[in-house]
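Work through the following exercises with the sequence and the structure at hand. Each task is followed by a solution in steps.

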Amino acid sequence: MNPQVNAQPILVTGGSGFIASWIVKMLLEKGHTVHATVRSKAKTQKYQHLEEIAANSSGSLKIFEADLLKEGSFAEAMAGCGIVMHTASPFVVQGVKNGEEELVKPALLGTRNVLNSATTTPTVQRIVLTSSVVALYGDASEGRDRGGKLDESMWNATSSVKNGPYNYSKTVAEKEAWKIAETQTQWDLVTINPSFVLGPSLTQNSNSASLTLMKQIMDGTFKSGVPELYFGVVDVRDVAQAHLEAAFRPTAQGRHIVSNEASVSMLDIADFIREKYGTQLKLPKSQLPKFMLYLLGPFIGFTWKYVSNNVGIALTFENQKAKSALGMTFRSPKEAVQAHAESMIAAGVVALGK
Ligand code: NDP
């Protein structure tokens, strides 16, 4: 990489999102010029927090409008940039009616648009793509059947537009990114593959499932119990740090699982919050028996297939590459969960009661 890259602006797509806001903050605090894209510049409340961070940092921020679905939309924001961090992609798992339109198209076409623009922007040397561990496995049974320990050599083989459309969107988008990367030599691609991202949020104006699921755990939605589902968890500050390491380390290459190694259950997440707030929140205290999920499943959006292929299956995440190649250490799931709960309470999203 040309050392000049440090002085050039850095593009962060979807700059006002949950994860991207931390990336932008860290870049600004290191004195970089950040070009952040948002879908609508008119919705100032979505990115006001970034302008406040910029005002108190040594870096500078420029906001651009860009849409994943519009070809060439990112070209203006990318002009003159050395590094592109492509985070924009919808992260919605509940209430999806049309997986193709709502998830797959923006993820896939957006990746194509951003990466094709990079090839026609001669300053771009590196692209850091925010992928996901769901590009490695779809149903938890797939991970279990491949030994229970996930690593960067794996690709999701069970998701589809109908079965796990979000997971499928991330898989096809990352595959497309590697395909486009191979057609040129001007820039190189590094991917960050986080598990479920939690931690303090700099914005509550995000539709990220990280924020919506945590709100549901805290606001009583699951007070009669949670399904026995397991996730890898990683703190949002560590995910942002991994993006910076992937961007500036000349030797960084390939995919990186960014996660704590052991997965935690939804009930573990509730227990971490309970440890801090006791009975002040209506937290779930138990796991729903599997037979009840089979009965209730159709009414709460869980197919029988989903229940049988996901409930009760814990996995582990091989995070050695992120530690050795990117120098990462990871905050524990408990620290991430408790900091997340604290930031939601401070922002008034969830109220403490008796
Ligand atoms: P957010 O919803 O906060 O961020 C998503 C961003 O994508 C938003 O800025 C959103 O803009 C933008 N976006 C969505 N659709 C479009 C579109 N059509 N055109 C332009 N921008 C669009 O979610 P997260 O911060 O959680 O997710 C960021 C990235 O990280 C995503 O790629 C996600 O898949 C990935 N990821 C997230 C994980 C998590 O647990 N949170 C785990 C692993 C990966 P707008 O505000 O206008 O909607």
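**Exercise 1.** How many Å is an oxygen atom of the ligand from a polar backbone atom of Gly14?

Solution. The model is a predicted one.
- Step 1: the distance between the ligand oxygen and the polar backbone atom of Gly14 is 3.3 Å.
- Step 2: a polar contact is a pair of N or O atoms within 3.5 Å.
- Step 3: for Arg39, a polar side-chain atom is found 2.7 Å from a ligand oxygen.
- Step 4: the protein buries 94% of the 880 Å² that the ligand exposes when taken alone.

**Exercise 2.** Describe the shell around the ligand.

Solution. 
- Step 1: the ligand has 26 residues around it, and those that come nearest are Arg39, Tyr166, Ser206, Ser208 and Ser210.
- Step 2: sorted by class, the shell holds 11 nonpolar, 11 polar and 4 charged residues.
- Step 3: at least two shell residues come from each of α1, α6 (165–181) and β8 (196–198).

**Exercise 3.** In what order do the 7 strands of the open sheet lie?

Solution. 
- Step 1: the order is β3-β2-β1-β4-β5-β7-β11, with parallel pairing.
- Step 2: β3 (60–65) and β11 (254–258) are the edge strands, each pairing on one side only.
- Step 3: on average, neighbouring strands of this sheet are turned by 20° against each other, direction ignored.

**Exercise 4.** Which residue of β4 is the bridge partner of Val12?

Solution. 
- Step 1: β1 (residues 10–13) pairs with β4 (residues 83–86) in the parallel sense, over 4 bridges.
- Step 2: the partner of Val12 in β4 is Met85.
- Step 3: helix α1 (residues 18–29) lies across β1, β2 (33–38), β3 and β4, and runs at about 165° to β1.

Conventions: Residues numbered from 1 in each chain as written. Predicted model: local features only at pLDDT ≥ 70, side-chain atom pairs only at ≥ 80, totals over all residues. Heavy atoms only, no water. Pairing = 2+ DSSP bridges. Axes fitted to C-alpha atoms, helices over the stretch in contact; angles between N-to-C directions. Contact = heavy atoms within 4.5 Å. Near = heavy atom within 4 Å. Polar contact = N/O pair within 3.5 Å; in protein donor to acceptor, adjacent residues only side chain to side chain. Areas by Shrake-Rupley, 256 points an atom, 1.4 Å probe, with all protein chains shown as cover. Nonpolar A, V, L, I, M, F, W, Y, C, P; charged D, E, K, R; others polar.
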